[in-house]
Amino acid sequence: MAASLQSRKRGRRRAPMSEINVTPLVDVMLVLLIIFMVTAPLLVAGVPVDLPQNRAAPLDQQAKPIQVSLDKNGAIFIDDAAVAEAALPAKLAAIAAQPAPPEGRRIYLRADRSLDYGRVMKVMGELNRAGLNRVALVSVGEQVP
């Protein structure tokens, strides 16, 4: 009789589980959320510039452009690195000597709206002298009330 009970237990199969354990999924998603919350503020670090507004559409570009920034005090930055005004021509000549991407090298010029127009034009003149002629002036979109 004992043998017949064991054969019945071996012959039966367990019913398939129809529930999904979501605890590991929730754990992974929470870890990813924390990672993105920590790294997101680090990705937007840069030179604080009060940009003018306009209605133009943004430009499409595949290669990372070089950003030349002028803050409200007139200090010059190339990709978040401060550059002295006397060293600017040499830095721009070094950038122009590097091989350009297939679509051409684009320079983004960001200048604070409170700066003198002559100061911005002086930097644009240095860009032109170095052979960097594809200059895009950066502004922010128009604020809709």
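How much space lies in the second largest pocket? About 180 Å³. A pocket here is an open set of points on a 1 Å grid over the protein atoms alone, where a 1.4 Å probe fits, with protein on both sides within 12 Å along at least five of seven lines. The volume is the space filled by probe spheres set on the points, which are joined across faces, edges and corners.

**Before you start.** This is a predicted model: local features need pLDDT of at least 70, side-chain atom pairs count only at pLDDT 80 or more, and totals for chains, interfaces and linings use all residues. Residues are numbered from 1 along each chain as its sequence is written, and side-chain values use heavy atoms, with hydrogens and water left out.

**Colour by confidence.** pLDDT is the predictor's confidence in each residue, from 0 to 100. The chain mean is 79, and 76% of residues reach 70 or more. Among the elements, helix α1 (residues 2-11) has the lowest mean, 53. Strand β3 (residues 76-78) has the highest, 90. Helices (H or I, at least four residues) and strands (E, at least two) are DSSP runs, numbered from the N terminus.

**Select β2, residues 66-70.** Two strands pair if DSSP finds at least two bridges between them. β2 and β5 run parallel, joined by 5 bridges. Pick Ser69: its bridge partner in β5 is Arg110. β2 also pairs with β3, antiparallel, over 3 bridges. There, Leu70 stands opposite Ile76. Now show the hairpin of β2 and β3, with 5 residues between the strands. Gly74 takes a positive phi near 90 degrees.

**Back to the pocket.** Select the lining, meaning residues with an atom within 4 Å of a point. Pro52, Leu109, Arg110, Ala111, Asp112, Arg113, Leu115, Tyr117, Val120, Leu137, Val138 and Ser139 make up the list. β5 (107-111) and α4 (117-129) are the elements giving two or more residues. β5 gives the most, with 3. Arg110, the partner of Ser69, is also in the lining.

Colour by class next. The lining has 8 nonpolar, 1 polar and 3 charged residues.

**Last stop: Ser139.** Find it in the loop between β6 (135-137) and β7 (140-141). Draw a C-alpha to C-alpha distance to Leu109: 9.3 Å, across 30 residues of sequence. Both residues line the pocket.

Definitions and conventions: Ala, Val, Leu, Ile, Met, Phe, Trp, Tyr, Cys and Pro count as nonpolar, Asp, Glu, Lys and Arg as charged, and the others, Gly among them, as polar.
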